[in-house]
Amino acid sequence: MSSRSEILGKIKSLKLEQKPLPETPVFAVSNNLEESFVKSILSNKGEIWTLQELEGKIQSGSFPKVYAKVPEFKSFSNQELPSDPHEFADLDLAIIRGQFGVAENGAIWLEDSDLGLRAVPFIAEHLAILLDRNQLVGNMHQAYQKVGMAESGFGLFIAGPSKTADIEQSLVIGAHGARSLLLILT
Amino acid sequence: MSHPVQAAEFLQDAAKAKWHDETLWFVRDKRDKISHTIPEWEQLRELASKIKDNVLGNLDIYLEDFERNATKNGIKVHWAKDAEEHNAIVLSILQEKNCKAIVKSKSILTEECHLNPYLEKSGIEVVDTDLGERIVQFLNQPPSHIVLPAIHLKKGEISDLFHEKLHTEKGNDDPTYLTQAARVHLREKFLGAKVAITGVNFGIAETGEFVVCTNEGNADMGVHLADVHIACMGIEKIIPKRQHLSVFLRLLARSATGQSITNYTSHFRSPAAGREMHIILVDNGRTAQLGRETFRNSLKCIRCGACMNTCPIYRRSGGFSYESTVPGPIGSILSPGLDLKKYSTLPFASTLCGSCSDVCPVKINIHEQLYAWRQEITKAQGTSPKSLSMSLGNGIFKSPLAYKISGTLMRAALKTLPDSLIYNPLNTYGKSRDLPELPKESFKDWYKKNRG
């Protein structure tokens, strides 16, 4: 007998009582979504920037290798999307656009079509995300309503930069992924 | 070895034990603060618990749904009845790909299956990429906490270790400096691995996708650079619908570390073009636990670690004292189901204060199950020395006269009896317990004199 049928058979033979799935009620959310969202992002150690600030930093040479997926920064993009993500190992900055943000925790939803390559938001030294300030929801229940039954092969909430506290619980930003999350509300 | 023996060893270094206790309490406190900002917190716990009730009653159906949908999306689904089969499946995929070096993000299941030593025996280099896990891997230790794997180590020890392994400056124990050294070291491993292994936080029956949560981004760094992603999942990690993620994700990080969400929450639905994605569904004792009515709810666990952070015993005895993959209160109700004899002291490593049950985001009645396991273990072992001294005591409380006389006698006796008798090995209650300062008179005598 295969392990599959053995496992499923064991479960079926228990004939466990079936309990109904509960309905998730509607919970109240912040009445100032942008203010809450910004507060959440900051507490996750993300940063709030303006378009002009990012433009200025790129022009000053802070980010030599830039990949921009968004039209707003196409003129600053000097890297083509490779077919092999390893070629982005020394990418300094990736600029992408998020679909929507969640006020209660600062999470931003992204899918394959927003990333170019799945590795992009992780392998870049720094990550800038543009987000329409009108695309904010209150909590995770509303977030998944918005995601709906989207069929992207990969979907992702990013809520801040790569971080760790594995050494004596001291917070360190920049563990393996992007060292910063620069959020620009448009 | 038993829990009390191991705990005594942990407590030898009093300063470190105090730091461990206080640091975990700090994490517990952060959990309290953030949970109090969510008015519907208790409703969320109730919802999560009820969703899991539904899952446990229909696990076969949800697993079949998951398999069908995942397969449709191009994920290869494997089934493993035990640790051995799980490890063999992983090895066979690696051999097929001719892969000699892999990266692995945090997976308690692969710890449970002892995957690393198994693969290493076959000449495969396994690199744990979570910073805490990499630290303990360098030391040849298992994680001592499921969320904070290196919480038993001080930065000085990590500094010495990194000096030896990564050639960092001797004596530099700055966490930022040490983390950067690990970043450089692991970056090379990420770029070189053809296969990446991850655990799974949630598998969704409705969509056939699975979700992995990290703060470091190490799971994603691994899998998006590798040609093959192998995800290892215990069968109890299934949830019915995608929308249910909202309930569990609101609870998970807040309960674990007091943060509103992990910085990365990745949903894997199908492999990227030209890549492969495998998922191994593992039983390894879970169907047996499902069949134990009293202990079934332990399978609701979402591995947040909150019960460890709050537990007065865990905080003061350290994760290694449990000698089980999952330590702490939840480990003490999961492990006896795997090996009653080996883990027979764990359900006693508790004050039964109930704090674990109070913080559990899926409302597992942990302390009640600890109590129930004690009864199972006592039944299996016969009368314990502790219950012998307890039943002697019981006789005294049954008769008012015996109680009155024994009180007077005890006050006189305890003053004069040598410690060797009070702390006699036969009196297991005296072990690791001090007697209180003795009052001069009984409460009854005091009351008669002052209020009578």
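Author: Happy to! The domain assignment of chain B, automatic or from a database, gives domain 1 (38-284), domain 2 (287-381) and domain 3 (397-450). This is a predicted model, where local features need pLDDT of at least 70, side-chain atom pairs count only at pLDDT 80 or more, and totals for chains, interfaces and linings use all residues. Residues are numbered from 1 along each chain as its sequence is written, with chains lettered from A and ligands numbered from 1 in the order in which they are written.

Reader: Which element gives the most to the side of domain 1 of chain B that touches domain 2 of chain B?

Author: Contact here means C-beta atoms, placed from the backbone, within 7 Å. On that basis, 23 residues of domain 1 of chain B meet 21 residues of domain 2 of chain B. Helices are DSSP runs of H or I with at least four residues, strands are E runs of at least two, and both are numbered from the N terminus; those giving two or more residues to the domain 1 side are α3 (41-57), α6 (108-112) and α12 (245-257) of chain B. With six residues, the top contributor is α3(B).

Reader: How many residues of chain B are in contact with chain A?

Author: On the chain A side, α1(A) gives the most, with nine residues. In total, 57 residues of chain A are in contact with chain B, and the number on the chain B side is 67.

Reader: In β9(B), which residue is the bridge partner of A:F157?

Author: Strands pair if DSSP finds at least two bridges between them. β8(A) and β9 (residues 264-268) of chain B pair in the antiparallel sense over five bridges. Within β9(B), the partner of A:F157 is B:T265.

Reader: What percentage of the residues in chain A are buried?

Author: Chain A has six helices and eleven strands. Of its 186 residues, the buried ones make up 48%.

Terms used: Contact = placed C-beta atoms within 7 Å. Buried ≥ 20, exposed ≤ 12 C-beta atoms within 10 Å, placed from the backbone.
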